[in-house]
Amino acid sequence: MITRQRLAAGVCALLAALTAGMAFPAGATADEMEGQDAPKVELVLDVSGSMRTRDIDGGTRMAAAKQAFNEVLDATPEEVQLGIRTLGANYPGNDRQTGCKDTAQLYPVGPLNRTEAKTAVATLMPTGWTPIGPALQKAATDLAGGNGMRRIVLITDGEDTCQPLDPCEVAREIAAKGIGLTIDTLGLVPDAKTRDQLICIAEATGGTYTSVQHKEELSDRVGQLVDRAADPVVTPVATEGATECAKAPTLKSGLYTDREEFGQQRWYRVDVNPGQELRASVSVAADRAVDPDYGLLVRAVTERGREIVRGEAAGNGRTDVISTGLRYPKPKSDDESAPAETVCLQITNAFSAASGVKTTPGLPLELTVDVVDGPGKSSDVASFGLGRGWWLLGALVLTGFVAGLLWGWVSRWRVAIWRTN
């Protein structure tokens, strides 16, 4: 039995070691953070009257939020500048116009004094309305300036009560400014309307939505989002495509964002030297209601209009983002002075807006351009779609073969002992 346990442990350890090499990427270098400002996070907390409801592990929603905030404040990385904004915390009356202005910064965004922040949170009492839209507008202003990661974490138990200022439209306007601000939303025991609204807010800025039923879930998720702000990020560069290749901006390797009207074409230019390979991918997000059955096309063409290669994708409304890409390796030239080739990238979407939905601003578009050295030997070329993943497949096959032999040997040994006895 001991031998069998050791064998199983050894096989598991070997598999874990092989998997770890793939699962954990190399850490970010200091150069990736050079020139970036400190990451900023603002926690936006709903303190409306409904937060008195006792349905989270036997306590009130407000109590769960306070506990989560205390735990998150203790664990906030030193490099993160954190602030807290409330909505519905101060006005207890019934005047809608006044209640919909009830948002205030409880703790300013900056270096964190944990004692002061905890003391401020401890004084909160569920009070008034739920002005999510105005709170998001103010939070975006709180985080204005700088080029580091900026994140709003919205925690609420109900939908906005201050229409017609639609918080979804507010989130889209924030995204349209191209300031790289992400909004993550958490719904405390949400109903269907609240869930749909919070999903819409998050998706408009590339954020995430989480439904929360327990205190531990709230603490863990808010902590994850605050920690994520400290991770090094590649900030997308805002660009504006043209209506034809001749007028298009020339892009280098990097990540770019743009807005594309429904059914519109956008053009960009990329210079590719002989012996290099162009890799381009594009994603378009349906950040509002669209008709089902849509598509996305990206084409690489010459300046004279000859198509080189294309990538295309189609959707049927099950997802809110559609992506495709292409690769173009330019052969090496014997002439070392051969000029670079200008490749025109044409991006076309086949989205159509649902009835009554605004078509401006355009749909958010994200374009990744990478110009790398072209494949120079057979090991650089994809084989049956696996490419350099062959080594991992081979290692797993070999591990399985060896484990099978050892397991068979142990089994035969145990049977032999049983027969002897």
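Predicted model: local features only at pLDDT ≥ 70, side-chain atom pairs only at ≥ 80, totals over all residues.
The protein has 421 residues, of which 42% count as buried. Its chain forms 10 helices and 17 strands. Among contacts with a separation of 6 or more, 75% are between residues 24 or more positions apart. The exposed surface comes to about 21,900 Å², and carbon and sulfur atoms supply 54% of that area.

In soluble globular proteins, nonpolar side chains tend to be buried together. Here the largest nonpolar core holds 34 residues. Those with the most contacts inside this core include Leu43, Leu45, Ile155 and Leu218. Several elements give two or more residues to the core, among them β1 (40–46), β4 (81–87), β6 (150–156) and α9 (215–229). Helix α3 gives the most, with seven residues. Leu43 shows how parts of the chain meet: leaving aside residues up to four places away in sequence, Leu43 touches Phe69, Leu82, Gly83, Ile84, Arg85, Val153, Val222 and Val226. Apart from this core lies another, of 26 residues, including Ala286, Tyr294, Phe351 and Leu367.

Next comes a sheet. Five strands make up an open sheet with mixed pairing, in the order β9-β10-β17-β12-β15. At its edges are β9 (237–238) and β15 (321–329), each of which pairs on one side only. Within the sheet, β10 (residues 254–260) and β17 (residues 363–373) pair in the antiparallel sense over seven bridges. One of the residues involved is Glu260, whose bridge partner in β17 is Leu363.

The disulfides number three. Cys100 is joined to Cys162, with an S to S distance of 2.0 Å, and the link is left-handed, at -95° about the S-S bond. Cys100 lies in the loop between α4 (96–99) and β5 (103–110), and Cys162 in the loop between β6 and α7 (167–176), so this pair ties together parts that are 62 residues apart in sequence. Cys100 is buried because its relative accessibility is 13%, which is under 20%.

A second disulfide joins Cys168 to Cys200, S to S 1.8 Å. Cys168 is in helix α7 and Cys200 in helix α8 (residues 192–204), so the parts tied together are 32 residues apart in sequence.

The remaining pair is Cys245 and Cys344, with sulfur atoms 1.8 Å apart. Cys245 sits in the loop between β9 and β10 and Cys344 in strand β16 (residues 341–349), 99 residues away. Cys344 is buried, with a relative accessible area of 0%. Counting bonded cysteines along the chain, the disulfides follow the pattern 1-2, 3-4, 5-6.

Technical notes. Residues numbered from 1 in each chain as written. Heavy atoms only, no water. Helix = DSSP H or I, 4+ residues; strand = E, 2+ residues; numbered from the N terminus. Buried < 20%, exposed > 50% of the residue type's maximum accessible area, 1.4 Å probe, protein only. Contact = heavy atoms within 4.5 Å. Areas by Shrake-Rupley, 256 points an atom, 1.4 Å probe, with all protein chains shown as cover. Core = buried A, V, L, I, M, F, W, Y, C linked by side-chain atoms within 4.5 Å. Pairing = 2+ DSSP bridges. Disulfide = S-S within 2.5 Å.
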